[in-house]
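This report goes through a protein model, part by part. Look at the sequence and the structure first, then read on.

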Amino acid sequence: MQIVLLTGFEPFDKDLVNPSWEAVRQLDGVQLEAGVQIVARQLPCAFATAGGGLTRLIDELHPAMVIATGLGPGRSDISIERVAINVNDARIPDNLGEQPVDTPVLADGPVAYFTTLPIKAMVKAVREAGVAASVSQTAGTFVCNQVFYLLQHALAGSQVRSGFIHVPFLPEQVTGSQRPSMELGKMVAGLQAAVLTAWQTPVDVVEVGGQVS
């Protein structure tokens, strides 16, 4: 049995739920195709422990593909990330009260890592499933970016493809505000389409996914 590891984060910033975990937990145990199964696990939202938790999962499960997910406040769609950068610049403290500012993720690491997932094909598949999606050019500078960077660093040079996806708030988290959100069922359907396409697409398609600014 080959494993596709999906991770989501625990709640943070006083929220009671984190949509990334609520969505990926619905996919735990799903068979993508014969002999390929999704395994979902939760990561802590803390700079000191998230990366180590992810590394332990990779060592334990020996996944054939890894996709981490996180909440992107203000995002309105399934945002498939292109690049992780080597900087921590936390706008708020993490769940352990730490707030690194202008520090490297890895002192001796490269400036950035690109995803090894077929992100354009994934966006196309999510849209065809009726769920809004786009390529994102920034994963932020909080724990999501740190995990994305450490994931790519850990698997650099291997045959295991990996990357990161941001999801919006759930509607119940933004009641009475103008912040965008997405229903859990659509989020789950979009993620499943993205993961299946990532698994089945060895070479990305050429489609417009850039931004002017």
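## Contacts around alanine 68

Two residues are in contact when heavy atoms of theirs lie within 4.5 Å. By that rule, and leaving aside neighbours within four places in sequence, alanine 68 is in contact with Thr7, Val147, Leu151, Gly163, Phe164 and Ile165. Alanine 68 belongs to strand E4, residues 65–71. Helices (H or I, at least four residues) and strands (E, at least two) are DSSP runs, numbered from the N terminus. Alanine 68 is buried, at a relative accessible area of 0%. Buried means under 20% relative accessible area, exposed means over 50%, and partly exposed is in between, with a 1.4 Å probe and protein chains only. The C-alpha atoms of alanine 68 and proline 118 are 15 Å apart, and the two residues are separated by 50 residues along the chain.

The model is predicted: local features need pLDDT of at least 70, side-chain atom pairs count only at pLDDT 80 or more, and totals for chains, interfaces and linings use all residues. Residues are numbered from 1 along each chain as its sequence is written, and side-chain values use heavy atoms, with hydrogens and water left out.

## Nonpolar cores

A nonpolar core is a set of buried Ala, Val, Leu, Ile, Met, Phe, Trp, Tyr and Cys residues joined through side-chain atoms within 4.5 Å. The largest one has 34 residues, of which Ile67, Ile78, Ile80, Met122 and Ile165 touch the most other members. Helix H5 supplies the largest share of this core, 8 residues.

What does methionine 122 touch, not counting residues up to four places away in sequence? Methionine 122 touches Ile67, Ile80, Leu117, Ile165, Ala194, Thr197 and Ala198. There is also a second, separate core of 33 residues, and its members include Cys144, Phe148, Phe164 and Val174.

## Helix H4

Helix H4 covers residues 143–155. The expected span of a helix is 1.5 Å times one less than its number of residues. For the 13 residues of H4 this gives 18 Å, and the end C-alpha atoms are 18 Å apart, so the two values agree.

H4 is mostly covered, with 10 of its 13 residues buried. Among the buried residues of H4 are Val147 and Leu151, both of which are also in contact with alanine 68. Just after H4, glycine 157 has a positive phi of about 85°.

A disulfide is a pair of cysteine sulfur atoms within 2.5 Å. How many disulfides does the structure hold? The count is 0. The sulfur of cysteine 45 has its closest cysteine sulfur in cysteine 144, but the distance is 6.8 Å, so they are too far apart for a bond. Cysteine 45 is buried at 2% relative accessibility, and cysteine 144 is buried at 10%.

## Salt bridges

Side chains of opposite charge can pair when their charged atoms come close. A salt bridge is a side-chain nitrogen of Lys or Arg within 4 Å of a carboxyl oxygen of Asp or Glu. The structure holds 4 salt bridges.

One of them joins glutamate 81 and arginine 75, at 3.0 Å from N to O. Glutamate 81 is buried at 0% relative accessible area, and arginine 75 is buried at 18%. Another joins glutamate 22 and arginine 25, at 3.3 Å. Here glutamate 22 is buried at 18%, while arginine 25 is partly exposed at 41%. In a further bridge, glutamate 207 meets lysine 124 at 3.8 Å. This pair links distant parts of the chain, 83 residues apart: glutamate 207 is in the segment after helix H5 (184–200), and lysine 124 is in helix H3 (residues 119–128). Glutamate 207 is partly exposed at 34%, and lysine 124 is partly exposed at 37%.

Aspartate 13 is not a glycine, yet its phi is positive, about 55°. Aspartate 13 sits in the loop between strand E1 (2–9) and helix H1 (19–24), and is partly exposed at 44%.

Histidine 62, also a residue other than glycine, has a positive phi near 50°. Its place is the loop between helix H2 (50–61) and E4. Is histidine 62 buried or exposed? At 63% relative accessibility, histidine 62 is exposed.
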